[in-house]
Structures are given as structure tokens and as C-alpha cells.
Amino acid sequence: MNSARMLKHLLTPGWLAHRAFRPADVAAVTAAVAASEDSHRGELCIVAEGPLPIGRLLSHQSPRARALELFGRLGVWDTRENCGVLVYVQLVDRRVEILADRGIAAKLGQSDWDSICREMEAAFRAGAYRRGVLDAVERVTRLLSLHFPARGKKSNELPDRPVLL
């Protein structure tokens, strides 16, 4: 295990995600996700996490592997049309991962998501967490609206409010 990474996670306070995303930021992201989902059939789930749990560190879990774990645990894979999208922000590692369920992955490649991830990471380096997430939601909305346009009224299968861990 990279000892510098372990030390960063162990020394970072657990409230880091709440400092990066204040209540007004959470409200803005929640509204953006709700508006986004009105224009397509996808379901977005935004997760921001501060330090990883010690067990995940000891098992050398990468941000991508953590995103996969949360993708399953939060039920993003379990939407009616297999159209869930997880945007995972690992604040300590300064990494963003986007995972799309199989219905979406069949039409959109990982390169589309990786481009959005790198833009978010750049915004976060500048301290612009809210802008980074809102811009990402906008880009995800454009992609999903193009490939999975809305068809009448749909149920909201995942919470619109970001999950802060």
C-alpha cells in the first residue's frame, strides 16, 4: 500500500465532504439532478466521500473499486431501465469516477465519462466543487438526453440529493 495515501486518509477529518459541499451547494446539486432527470430516462446518483474507511484502505481499494462498491450498495445498478449513473467523488485521493449501468454503457463509452471526470477534477483543484459538479451534471444531462430522451412521466428511482460520506 502506498503509505502516503494511507496517511492522507487517516489524517483527514471525516467531515471533509460536508466542508466541500455546504448546504447551499447540496441544495443546488439536488435541484440540478432533479431538473436533469426531467429531460431523460437516466437516474443520477452523486456521491462525495472524504477519507475511506480503514478496511478499504487496508485492502488497497482504489477509487474505481470504491465506486463499483457504492454503485451496488446504493442500488444504482437496479433501475427499471438499467439506466443508473453514479458520479463518485473521492476527495482525499482527488479522483472522480463515473459508472454507468449496462443500459447506458451499451450506447456510451467510458471515454465520454472519463472526459467529464477530468474536468471535474480540474474544477476541484481550483476549489470550485459546486461548479465542478453542476457542470458535470449538465454534461451528463446532454449525453443522456441525446441517447435516452424522456418518454412521459417517470418515477424517481434514486434520490436526487447527493450522498456525502
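The chain has 8 helices and 4 strands (DSSP runs, H or I of at least four residues for helices and E of at least two for strands, numbered from the N terminus). In sequence order the pattern is α-α-α-β-α-α-β-β-α-α-α-β. The radius of gyration is 15 Å, close to the 15 Å that the globule rule gives for 165 residues, so the chain is as compact as a globular protein of that length (taken over C-alpha atoms; the rule is 2.2 Å times the number of residues to the power 0.38). The model is predicted: local features need pLDDT of at least 70 and side-chain atom pairs pLDDT 80 or more, while totals for chains, interfaces and linings use all residues. Residues are numbered from 1 along each chain as its sequence is written, and side-chain values use heavy atoms, without hydrogens and water.

Of the 165 residues, 46% count as buried (under 20% relative accessible area, 1.4 Å probe, protein chains only).

Strand β2 covers residues 84-90; 7 of its 7 residues are buried, so the strand is largely enclosed by the rest of the structure. Gly84, Leu86, Tyr88 and Gln90 point one way from β2, and Val85, Val87 and Val89 point the other way.

β2 pairs with two strands (pairing requires at least two DSSP bridges). With β1, residues 43-49, the sense is parallel over 7 bridges, and Val47 has Tyr88 of β2 as its bridge partner. With β3, residues 95-100, the sense is antiparallel over 6 bridges, and Val89 stands opposite Val96. β2 and β3 form a hairpin with 4 residues between them; in its turn, Arg94 has a positive phi of about 60°.

Technical notes: Buried means under 20% relative accessible area, exposed over 50%, partly exposed in between (1.4 Å probe, protein chains only).
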